[in-house]
Amino acid sequence: MKGLNNPIGIKSSEPSQSPFIMNPYRYTVASSPNDFSDDFSSDNWTTYGTFNNIDSGVLNYNGKPMNNSTNICAIALADGTASDTSWVLRFTNIMDTMSYANPGGGWLFFGLSDNMSNLTSSTAQDSIGINQGAYVYSIDTSVVGTDGGGLPIGSGTNGLANPTAGTYYWDVKRASATSAELVDYTSDSFSSGTTYANTIASTIVNLDSVKVQTRNVTASANGSNDGKLDDLYFWDNVTSAP
């Protein structure tokens, strides 16, 4: 309601009180239409292939590629595209089996992309997220971004080096137009942790879906890189979780 004491019609955060607001800083802010959470109790995702799937209340992933098959789980954002400067993707990553071997190359991507179609990991796209790889001599989880290229391989310097099997609590953030971050929290309270940052191109734009994708390669890899995602949240237009 607009009025003398409320000239712009701000809605009170206390519906039982008068709509005339004497404190202009006390009001209800609507969340972004893109904000959502998923406990995977039902399957609302688009799936290609069999390596990544929703089942028994989790998103199962398998980063051990073979036969150049495409394996994707993806879900579109409700309001089109995410902010090009700030968002947070939070999830629990339960790494079941992590081991490297020769030949290596078993990796997958968790994050946001501008293309959730049935495409290979080498297909040009914009993306920001985590590369989790089991390589010849190491296991690596790096925060990465690609500007019109295939899903990137992690460098080993922007994330956890050689993580072991276990449960991890992560935020993936677009902290600015040119910065992406992985925050590895110490517990499910998401209160303290280690931040890994990477510089990305400001021209990575129009990200419209959350997806998990396994790398496409012709030969099979001997390393193991499989687990589950649970309790996923996405907040748009923020640099920290509300």
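Select Lys-228 to start: Lys-228 is partly exposed, at 25% relative accessible area (buried is under 20%, exposed over 50%, partly exposed in between, with a 1.4 Å probe and protein chains only). This is a predicted model, in which local features need pLDDT of at least 70 and side-chain atom pairs count only at pLDDT 80 or more, while totals for chains, interfaces and linings use all residues. Residues are numbered from 1 along each chain as its sequence is written, and side-chain values use heavy atoms, with hydrogens and water left out.

Asp-96 and Lys-228 form a salt bridge, with their closest N and O atoms 2.6 Å apart (a side-chain nitrogen of Lys or Arg within 4 Å of a carboxyl oxygen of Asp or Glu). The pair links distant parts of the chain, with Asp-96 in strand 6 and Lys-228 in strand 15 (residues 224–236), 132 residues apart. Strands here are DSSP runs of E, at least two residues long, and helices are runs of H or I, at least four, numbered from the N terminus. Asp-96 is also partly exposed, at 34% relative accessibility.

Next, select Arg-90 and Asp-171. Their side chains meet in a salt bridge at 2.7 Å, N to O. Arg-90 lies in strand 6 and Asp-171 in strand 11 (residues 166–176), 81 residues apart. Both residues are buried. The count of salt bridges by this rule is 2.

Move to Leu-89. Its contacts (heavy atoms within 4.5 Å), leaving aside residues up to four places away in sequence, include Trp-170, Asp-171, Val-210 and Phe-234. Leu-89 is also among the residues with the most contacts inside the largest nonpolar core, which has 35 residues; Trp-45, Trp-87, Phe-110, Leu-112 and Trp-170 are the others. Such a core is a set of buried Ala, Val, Leu, Ile, Met, Phe, Trp, Tyr and Cys residues joined through side-chain atoms within 4.5 Å. Strand 6 (residues 87–99) gives the most to this core, with 5 residues.

Now colour the open sheet: 7 strands in the order 2-5-14-7-8-9-10, with antiparallel pairing (two strands pair if DSSP finds at least two bridges between them). Its edges are strand 2 (46–48) and strand 10 (159–161), each of which pairs on one side only.

Finally, show the whole chain. The protein chain has 0 helices and 15 strands, and 46% of its 242 residues count as buried.
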